[in-house]
Amino acid sequence: MKLCRFKNKDEHHHATRIGLVNEDSTVTDLTAAGIEKLTRLLEAEDPVALVGHLAKLSLPRVPLAEIQLLAPVGWQEVWAAGVTYLRSKAARMEESDFSASAYDKVYAAERPEIFFKSLPQKVVAPGEVVGIRRDAKWSVPEPELALVMNSRGKIVGHTIGNDMSSRDIEGENLLYLPQAKTYQRSCAIGPWIVLGTPEAQAREWTIKLNIERDGKNVFSGETSVGQIKRQFEELAEFLFRSQVFPFGAILLTGTGIVPPDSFTLNECDVVRIEISGIGVLQNPVMLV
Ligand code: DO4
Ligand code: MG
């Protein structure tokens with residue numbers, strides 16, 4: 001079951017609707033059944049059963065090609081876990097002598113690295129531009145599985161996140177992490193939320209990253225969600241420790257795909273992230 005936020009292409013920005021994406025590439029308009037916020041569904045005792053019930057009503061359907069997808073984030077803060085894949089640990093230890101031991105330690109430690117990534121209203125939607133900082137020399141996308149949690153800390157769905165990062169700024173000094181990670185247009189999420197997948201099944205999914213420049217592919221990489229070192233519930237439990245999220249939260253689970261050190265994103269590149277059980281999140285790049 002795929003839930004999206006969308007607007008009809010001919011409507012104004014405020015007319016946000018909630019939809020159920022069907023196998024035949026149509027979208028059932030759940031707003032017509034009084035569902036005006038994703039949290040109405042995500043906060044339900046059994047979101048899958050509630051959406052299953054709504055899907056049986058006779059509601060308007062629109063072709064996916066005729067709507068504009070918005071980021072599937074309402075009022076949830078977006079956080080991110082880091083150094084959850086061996087590949088990420090190795091890349092970061094190489095990028096910085098200064099911080100190598102911190103990455104090494106956090107990979108093995110009981111407490112994971114978790115950092116604030118984005119306010120919900122700043123999240124970039126599918127198809128919109130993501131940013132690379134104009135004061136950075138080494139920028140990369142980070143293709144990540146995102147956990148969608150309700151206010152009780154329960155994982156109710158999954159989506160795709162792009163944790164855009166400035167590796168030179170992060171590598172210079174660990175204390176620069178917020179500047180390397182949280183700047184204008186640094187977080188894209190979408191295209192929708194897949195409800196109710198058990199962790200064992202999600203761990204079978206493949207994550208692919210492709211970067212296109214002037215119509216040519218300049219980087220391809222692939223990993224499996226199963227390579228994540230930590231259990232999803234372990235990450236969710238740490239995020240919700242001594243913390244409240246009245247609208248729930250989104251947690252990116254870290255990257256397992258790192259382009260070679262010679263690679264940096266350019267303006268007008270197109271970043272395409274695919275997770276096999278979810279779909280595709282694609283965004284062009286601009287300088288910010
Ligand atoms: O501390 C560095 C950030 C790690 C990260 O974002 C990742 O591993 O995905
Ligand atoms: Mg990351």
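Which residues coordinate the magnesium ion, ligand 2? The answer is Glu142 and Glu144, each through OE, and Asp163 through OD, at 2.0 to 2.1 Å. Donors here are N, O and S atoms within 2.8 Å of the metal (3.2 Å for Na, K and Ca), and water is not among the atoms, so sites may look incomplete.

Some conventions. This is a predicted model, where local features need pLDDT of at least 70, side-chain atom pairs count only at pLDDT 80 or more, and totals for chains, interfaces and linings use all residues. Residues are numbered from 1 along each chain as its sequence is written, chains are lettered from A and ligands numbered from 1 in the order in which they are written, and side-chain values use heavy atoms, with hydrogens and water left out.

Back to the metal. Along the chain its donors have the spacing E-x1-E-x18-D. Glu142 lies in the loop between β9 (139-140) and β10 (143-149), and Asp163 in strand β11 (residues 155-163), 21 residues apart. Strands are DSSP runs of E, at least two residues, numbered from the N terminus. Glu142 is buried, at 4% relative accessible area, and Asp163 is buried at 1%. Buried means under 20%, with a 1.4 Å probe and protein chains only.

Glu142 also faces ligand 1: an N or O atom of its side chain is 3.0 Å from an oxygen atom of that ligand. Polar backbone atoms contribute too, with Val83 at 2.8 Å from a ligand 1 oxygen and Thr255 at 2.9 Å from one. The cut-off for a polar contact is a pair of N or O atoms within 3.5 Å. Taken alone, ligand 1 exposes 280 Å², and the protein buries 100% of that; the areas are Shrake-Rupley values with a 1.4 Å probe.

Now the sheet. Five strands form an open sheet in the order β8-β18-β17-β14-β15, with mixed pairing. Two strands pair if DSSP finds at least two bridges between them. β8 (130-132) and β15 (216-224) are the edge strands, each pairing on one side only.

Key: Helix = DSSP H or I, 4+ residues; strand = E, 2+ residues; numbered from the N terminus. Buried < 20%, exposed > 50% of the residue type's maximum accessible area, 1.4 Å probe, protein only. Polar contact = N/O pair within 3.5 Å; in protein donor to acceptor, adjacent residues only side chain to side chain.
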